[in-house]
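Try each task yourself before you read its solution.

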Amino acid sequence: MSVSKKDTRLQKISFSQEISIALRKDYHHKNSAVKHIGRDTGLDLRSIKSWYDGTRSPSIDHFIILAKVSPSVFTLLLQRTLINLSLIHISEPTRPERIG
């Protein structure tokens, strides 16, 4: 079975599209979502609109600000930095053995 070019299930999406999906997931229920994001972050509305539309990606500084207000963007940040919360294990520090 061949895969057609129109089959989007197997196509990779861009980082800017991932940001857009994450923002829409958290702000889809609000009218004027871009304005709400702007109020939450203090960032420029024109930039936010391009991120919300998926046409541009935010800078790393703006990406971190978005991650602070958007749980979905925060999850994306963790996925992009290869942090898997199930693998994090905090253990007791070991004490060195005394000699003599």
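**Exercise 1.** Decide whether Ser20 is buried or exposed.

*Solution.* Start with the cut-offs: buried means under 20% relative accessible area, exposed over 50%, and partly exposed in between (1.4 Å probe, protein chains only). Ser20 has 7% relative accessibility, so Ser20 counts as buried. Finally, beyond its neighbours within four places in sequence, Ser20 is in contact (heavy atoms within 4.5 Å) with Trp51, Tyr52, Asp53 and Gly54.

This is a predicted model, where local features need pLDDT of at least 70 and side-chain atom pairs count only at pLDDT 80 or more, while totals for chains, interfaces and linings use all residues. Residues are numbered from 1 along each chain as its sequence is written, and side-chain values use heavy atoms, with hydrogens and water left out.

**Exercise 2.** Find which residues of α1 and α3 meet.

*Solution.* On the α1 side, take Ser16, Ile19, Ser20, Leu23, Arg24 and Tyr27. Their partners in α3 are Trp51, Tyr52 and Asp53.

**Exercise 3.** Work out which residues of helix α2 are buried, and where they lie around its axis.

*Solution.* In α2 (residues 33-41), the buried residues are Ala33, Val34, Ile37, Gly38 and Thr41. Looking down the axis, these residues fall within an arc of 140 degrees (taken from the directions from the helix axis to the C-beta atoms), so they line one face of the helix. Their packing partners are α1, α3 and α4 (60-69). Just after α2 comes Gly42, with a positive phi of about 80 degrees.

Key. Helix = DSSP H or I, 4+ residues; strand = E, 2+ residues; numbered from the N terminus.
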